Amino acid sequence: MTAEEWQTIWLTTWVSALSVLLILPPGVAVAWLLARKEWPGKSLVETFVALPLVLPPVATGLILLKLLGRRGPIGGWLHESFHVDIVFTWKAVLIALGVMSFPLLVRSLRTAIEEVPVRLEGIARTLGASPWRVFWTITLPLARRGLAAGVVLAFARALGEFGATIMVAGFIQGETSTISLVIYQHVQTGHDHEAMKLLVVAVIMAFIALWISETLSRRRRAP
Amino acid sequence: MTAEEWQTIWLTTWVSALSVLLILPPGVAVAWLLARKEWPGKSLVETFVALPLVLPPVATGLILLKLLGRRGPIGGWLHESFHVDIVFTWKAVLIALGVMSFPLLVRSLRTAIEEVPVRLEGIARTLGASPWRVFWTITLPLARRGLAAGVVLAFARALGEFGATIMVAGFIQGETSTISLVIYQHVQTGHDHEAMKLLVVAVIMAFIALWISETLSRRRRAP
Amino acid sequence: QTPTLRVSAAASLADALKKIHGLYEKKTGGKIELNLGASSQLARQIEEGAPSDVFISADLAKMEGLEKKGLVNAATKENQLSNALVVVVPSDSKLQIAGGKTLAESSVAKIAFADPKAVPAGIYGKEWLTKLSLWDKIESKVIATENVRACLAAVESGNVDAGIVYKTDAAISKKVKIAFEVPASEGPVITYPMAALKSSTHADAAKAYLDFLDTPEAKAVFEKFGFVVLPEA
Amino acid sequence: MTLKLQLENVSLPLSEFSLKADLTLTAPVTGIRGPSGAGKTSLIEIIAGLRRPASGRIVLNDHVLCDTAARVNLAPELRRVGYVPQDLALFPHLSTRANLYYGHRPNGSATSHADHVIDLLEIRPLLTRRVHNLSGGEKQRVALGRALLASPQILLLDEPLSSLDVRLKEKILPYLLSIREDLHLPMIYVTHSQKELQTICDEVLTVEEGRITQATLSE
Amino acid sequence: MTLKLQLENVSLPLSEFSLKADLTLTAPVTGIRGPSGAGKTSLIEIIAGLRRPASGRIVLNDHVLCDTAARVNLAPELRRVGYVPQDLALFPHLSTRANLYYGHRPNGSATSHADHVIDLLEIRPLLTRRVHNLSGGEKQRVALGRALLASPQILLLDEPLSSLDVRLKEKILPYLLSIREDLHLPMIYVTHSQKELQTICDEVLTVEEGRITQATLSE
Ligand SMILES: Nc1ncnc2c1ncn2[C@@H]1O[C@H](COP(=O)(O)OP(=O)(O)OP(=O)(O)O)[C@@H](O)[C@H]1O
Ligand SMILES: Nc1ncnc2c1ncn2[C@@H]1O[C@H](COP(=O)(O)OP(=O)(O)OP(=O)(O)O)[C@@H](O)[C@H]1O
Ligand code: MOO
Ligand SMILES: [Mg+2]
Ligand SMILES: [Mg+2]
């Protein structure tokens, strides 16, 4: 492993993990709203959430670029107000990974929340628990398997994301060069050997992530 | 909509749907084996199944190309023995889509199967049902929400897949030109207007797929 | 009866080739299946045995790579098309680009390139600046993108000061303008080599197709889309 | 504390008939009996706030719990009921202890209230166990303990002793009696056992196909 | 058909103690009683094949159900037991009818056997209902019906009447008695009710902390 490769591995690890962490709170909220509430426009929000899965990644990337670019509505505002640039920095990688894995987290978690018996939530409330406490102590723990599955899928997707990332973050060694981008570059230039090396690294990272999630969920598994 | 666009929409629809259909039987089998059985090498198989999610799509595409190309072990054999070519035909699209969406199906379904109480399966067996019948009448129906989520995710992913498809199937109008590939092409050549049109079509298809799965699962929802 | 041909061509040729294929099909009655992609990706596909009759690359390197592997019917190879390299800036930019050296100045902080390691457009750009001994100063400012289109989009976004693309690509976007056209004398010779492939089962038809691209009506189309047609060597 | 629970024109459509309740309960312990499927559980769950009546008004000690006309339906957590459901509904992911203490509200007087309940119900050895492999009777005692520890203002017991052996029944019944006397905690007690009705109840309601009749105990 | 159920040195570790069984049952109906948490359900589930003993041998009418030494453990579906579990365990995704008929095996003699059971248990009006909103007693009757319709060779009943009202109990008990007489279907019957033991059982086992003692009914 060269120093550059280590840098790539490290960058990919923390940016993927951070992106999953960042989408967790909104992901949990959206999953709950979709699972437990009926509201007008629900199907639209659902479709909207699923979009990054349905559209080719370049298209998602292009949309993000248009939004976050210095001339885009969000990027422009950030630039004017805070002198912060998103596009072509690690922040853009973070956002691209988050957006691309969001649907996977939400769909898994939502399905799991739907399976939690409303009755248990009701019983918990007769015992004096507020809806908020019920959510944290009953709903979410009972949906933990789906949550774990969602997190694993989201993290895996973040590791593999390429199309949207390169569009919005470019390929900048050390700043935005995730494993996927580097593998792509090696494949493009015919450096199959280097590509293979990083491929193996990606596989090992996936293996570790799966293994951690297995171990965590096994610890409290009902027989 | 031009005739070509209709052709693209139609091709995408059937090839995505067919790919999901084709991965269903092995997906269900693998999900069940992962959820219910302990066996050596299980973690390896798990990682292996997750690979197409973790690797950048081009890498998966390249691997498929190496396997299925006329010089590859599988493609070569098929060419020699049956004069069947896979690469650059709709068959390659089918395979690429199936491989890319397989992990999503398996992970969702597996999580759902793990949630099915083993006790109910046991009770069903005391009533004389074989493990096979128990699977079809108890396990799978109780995991139906996870199955539906898996199918939706897989189908959505099939609609959006680009990197692996273009590698192994190329872009050939009418044969391998899925919506994703055509959108990419339009983006490439600056035809943003046409790209947008197909983007909307993809969104509508996703909306319909979600709506169908909603309706199906709502019909038999427990309150 | 003219057989169906599969042509693998660099994505930047998409519009021109679609038009020309219309003419070809009308004239010969043969059908063309056009496989569009990045040149590097097309080369990989051909290497791995994907069925193809003709390859049109956006640079010489990809074609040579295949030639070395013995996949190209060398007799049919010709370098007939060319393109020009341009520097684009956002259409409302006040930046004046007088040449390569402006790019090395501090007024230009970030430049988008189609990946200079892999994508032809970027490789040409790098060659040009290397020739001017400016590459070392510029390399750290480079934002590598996946392809030419992404490079344009990067300029459009306003997050880079300039980008290097083909002249034909610059026409795609209204949000960028050409600030500088690299003179043919200064830049590398951009060539789109084309050749029939050895694996082709329709060698004659492939040859006939390549000849058709040489006809005046085809050349007119190429020129209309901004390509430079090189004189016969 | 005396109980005054008013159910005014309460109605809840069930599959074959509607449950109709229009009565005032004032007895410290009201027994409820009636054939299987008569509507006993439904009645209790309306009071607990788990089911919403189609119409009617429920007032507990001048506190409006539910008033469909005024679109008032107090959330279950604000009703302070201690409900022991017929199906127990323990939280499967929590330990026995966590189940027991889920709604724990120390009741001012005795700090050892919880310990007392746990010993009385003989569930101390189970505290660290996961609930899914407790025996039927053990689960029932945990559900009863969970409701008691929440220091409710009214106990709703739906066949709370049905899976217990005679010795435990004869130990727990007097305890419930003592709660009634000492803590003045009103109860509504669903049971099929004539003996339990006679031991603990001051008044008995009979539910039949959704209709409720007040009856004397002697019957 | 006469019953001969041999449990030889069967042992199953539970959380506080081990269940030990070494006895032969020959009575048509064997009652099982004992304190809550004694091991009654565990014993039944070993016979049903839902739990695997750590050691021992179980033989039903010269048919080896389980023999840990020979690594034999007959699958539950081959044991032809009709098990009514204490927690009922209805299939939540199926209708009442589908639950009832899940293991249906028409028993040669009477084609209307199923109809008879359904009417006796008074569950005909429930047939098209989803099971999740049945009342407690309704669920219990469905679970009983489901086991009876499977035409088992032995009935394992774990407090099968605990949630039923007196009238239903007094209707179903005689039916179980008639099954015993007419169909010679042996039963193992767990209950806390002395009355049920006396009505239906020929012999009674007492389980206490995993130890099983054979007792006479008069006790
Ligand atoms: N959510 C519901 N929707 C429709 N019908 C219901 C619902 N819940 C219960 N029922 C029906 O209403 C009737 C009364 O049910 P309930 O649970 O109140 O009976 P119960 O008196 O508690 O009976 P048991 O003694 O058997 O527990 C039953 O026939 C039941 O099937
Ligand atoms: N899978 C298990 N693992 C460990 N301990 C268990 C398991 N299942 C039950 N136990 C414990 O073994 C003891 C016997 O349980 P069992 O369910 O057989 O009791 P029971 O006699 O049926 O009681 P009840 O009358 O309350 O239903 C209980 O203390 C119970 O907590
Ligand atoms: O036409 Mo290219 O191969 O994207 O430079
Ligand atoms: Mg009830
Ligand atoms: Mg028991």
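Q: How do the residues lining the second largest pocket divide into nonpolar, polar and charged?
A: They divide into 7 nonpolar, 9 polar and 10 charged. Here Ala, Val, Leu, Ile, Met, Phe, Trp, Tyr, Cys and Pro count as nonpolar, Asp, Glu, Lys and Arg as charged, and the others, Gly among them, as polar.

A: A word on the model: it is predicted, so local features need pLDDT of at least 70 and side-chain atom pairs pLDDT 80 or more, while totals for chains, interfaces and linings use all residues. Residues are numbered from 1 along each chain as its sequence is written, chains are lettered from A and ligands numbered from 1 in the order in which they are written, and side-chain values use heavy atoms, with hydrogens and water left out.

Q: Which residues lie nearest the centre of the second largest pocket?
A: Lys169(D), Ser193(D), Glu196(D), Lys169(E) and Ser193(E) do, out of 26 lining residues. The elements giving two or more residues to this lining are α5 (166-183) and α6 (194-200) of chain D, with α5 (166-182) and α6 (194-200) of chain E. The pocket holds about 720 Å³ of space.

Q: What makes the site of ligand 2 shared?
A: Residues from chains D and E surround ligand 2, so the site is shared between chains. The shell has 20 residues, and the closest are Arg129(D), Ser135(D), Glu138(D), Thr41(E) and Ser42(E). A residue joins a shell if one of its heavy atoms lies within 4 Å of the ligand.

Q: Why do Thr41(E) and Ser42(E) count as polar contacts of ligand 2?
A: A polar contact is a pair of N or O atoms within 3.5 Å. An oxygen atom of ligand 2 is 2.6 Å from a side-chain N or O atom of Thr41(E), and an oxygen atom of the ligand is 2.6 Å from one in the side chain of Ser42(E). Both pairs therefore meet the definition. Taken alone, ligand 2 exposes 630 Å², of which the protein buries 89% (Shrake-Rupley method, 1.4 Å probe).

Q: What makes Ser12(C) and Ser39(C) polar contacts of ligand 3?
A: A polar side-chain atom of Ser12(C) lies 2.6 Å from an oxygen atom of ligand 3, and one of Ser39(C) lies 2.5 Å from an oxygen atom of that ligand. Both distances are within the cut-off, so both pairs count.

Conventions
Polar contact = N/O pair within 3.5 Å; in protein donor to acceptor, adjacent residues only side chain to side chain. 1 Å grid on protein atoms, 1.4 Å probe; cavity = no way out; pocket = protein on both sides within 12 Å on 5 of 7 lines; lining within 4 Å. Points joined across faces, edges and corners; volume = space filled by probe spheres on them. Helix = DSSP H or I, 4+ residues; strand = E, 2+ residues; numbered from the N terminus.
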